[in-house]
Amino acid sequence: MAGKDVASMFAVALFIGAFAAVPMSVQSIGVCYGVIGNNLPSRSDVVQLYRSKGINGMRIYFADGQALSALRNSGIGLILDIGNDQLSNIAASTSNAASWVQNNVRPYYPAVNIKYIAAGNEVQGGDTQSIVPAMRNLNAALSAAGLSAIKVSTSIRFDAVANSFPPSAGVFAQSYMSDVARLLASTGAPLLANVYPYFAYRDNPRDISLNYATFQPGTTVRDQNNGLTYTSLFDAMVDAVYAALEKAGAPGVKVVISESGWPSAGGFAASADNARTYNQGLINHVGGGTPKKRQALETYIFAMFNENQKTGDATERSFGLFNPDKSPAYNIQF
């Protein structure tokens, strides 16, 4: 998960409007489980915490055998990342992909409800050329193993989309994403997108209101190209991804929000109150979809825990819904 100056895409004329909360579909909410900390609970305790809170989706960032074992028969739906360090190896050959599936999927599925495999998370630079070959090889390996119900995708940073305001102007910034989109269309897999209104607001608080960034009333923005109106920055960002998929020739590909969240400490506008407001608003909102796609939007909050060994901005260590002792960082109702 990384912040980027996406705010320039959202220089908007804001005016007062109404906000309508949409009832959620609880099935659409998961939480990302990162483990970059030296004080976190055991994998089995973490799975029990998910179950006790009614959280029925999880994302893990590598094929963590302990976590996969703990997830057996839990019913929790899983996004399983291959890990960026495995991307070039899996892209190199179908046999490498087959070995990865044999070692990391076959021993656990279907007792572990693996829904999606992410071939890379926020891949940058020349490594992006490995995404489509890795996806193709994983699809072939899963098919050969009789596991083609598991869908293969990749998880993108929001800056993979350019011209994202108004949302209807969204287009993929680089050509490899058109290949990704067409492959997803051919397999029926969703595009995984990491969407963070926090970073857009942090980088451009003059043009973006805190209320608009945190699902609060008071701001309405109209897309002049199609007449759709937006009362949350999150919806505008997601619909820019949908617009980019359309322009890439893949209008039927759905979007899964593979990360979204708000930090509770460590930087501008990073507070427990703002984090609670955003994340509770997200949970309550996504069941109703976006103005462009009025259907439940499967969403994974980043993250389960504050991770004390993450590098980068101080905020990176404060995205957790829970402290390492399993106490809530702030109150959230799933």
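Y198 and F199 are both buried in this predicted model. Their rings form one of the 14 aromatic pairs that a search of the whole structure finds. The centres of the Y198 and F199 rings lie 5.3 Å apart with the planes at 70 degrees, so this pair is edge-to-face.

**Aromatic pairs and cluster**

- Y198 and F199 belong to a cluster linked by ring pairs, which also includes Y61, Y196, Y201, F215, F234, W262, F268, Y278, F302 and F319.
- Within that cluster, F302 and F319 form an edge-to-face pair, with 5.8 Å from centre to centre and 70 degrees between the planes.
- This pair links distant parts of the chain, F302 and F319 being 17 residues apart; each of them lies in the segment after strand 12 (299-301).
- F302 has a relative accessibility of 3% and therefore counts as buried.
- F319 is likewise buried, because its relative accessible area is 1%, which is under the 20% limit.

**Charge over a ring**

- The ring of Y242 has the charged end of K293 sitting over it.
- The distance from that charged end of K293 to the centre of the Y242 ring is 5.3 Å.

- L71 is found in the loop between helix 2 (65-70) and strand 3 (77-81).
- With a relative accessible area of 0%, L71 is buried.
- Leaving aside residues up to four places away in sequence, L71 touches V47, M58, I76, L78, A111 and V112.
- One of these contacts, M58, is 13 residues from L71 in sequence, and the C-alpha atoms of M58 and L71 are 9.7 Å apart in space.

**Second largest pocket**

- The second largest pocket holds about 170 Å³ of space.
- Its lining consists of 17 residues, and those nearest the centre of the pocket are V123, Q124, A160, Q174 and Y176.
- Strand 5 (151-156) and helix 6 (176-187) are the elements that give two or more residues to this lining.
- Strand 5 provides the largest share of the lining, namely three residues.
- Sorted by class, the residues lining the second largest pocket are seven nonpolar, six polar and four charged.

Definitions and conventions
Residues are numbered from 1 along each chain as its sequence is written. This is a predicted model: local features need pLDDT of at least 70, side-chain atom pairs count only at pLDDT 80 or more; totals for chains, interfaces and linings use all residues. Side-chain values use heavy atoms; hydrogens and water are left out. On a 1 Å grid over the protein atoms alone, a cavity is a set of points where a 1.4 Å probe fits but cannot get out, and a pocket is an open set with protein on both sides within 12 Å along at least five of seven lines; lining residues have an atom within 4 Å of a point. Grid points are joined across faces, edges and corners, and a volume is the space filled by probe spheres set on the points. Helices (H or I, at least four residues) and strands (E, at least two) are DSSP runs, numbered from the N terminus. Ala, Val, Leu, Ile, Met, Phe, Trp, Tyr, Cys and Pro count as nonpolar, Asp, Glu, Lys and Arg as charged, and the others, Gly among them, as polar. Rings of Phe, Tyr and Trp (its six-membered ring) pair if their centres lie within 6.5 Å; planes under 30 degrees apart count as stacked, over 60 as edge-to-face and the rest as tilted. Buried means under 20% relative accessible area, exposed over 50%, partly exposed in between (1.4 Å probe, protein chains only). A charge sits over a ring if NZ of Lys or CZ of Arg is within 6 Å of the ring centre and within 35 degrees of the ring normal. Contact means heavy atoms within 4.5 Å.
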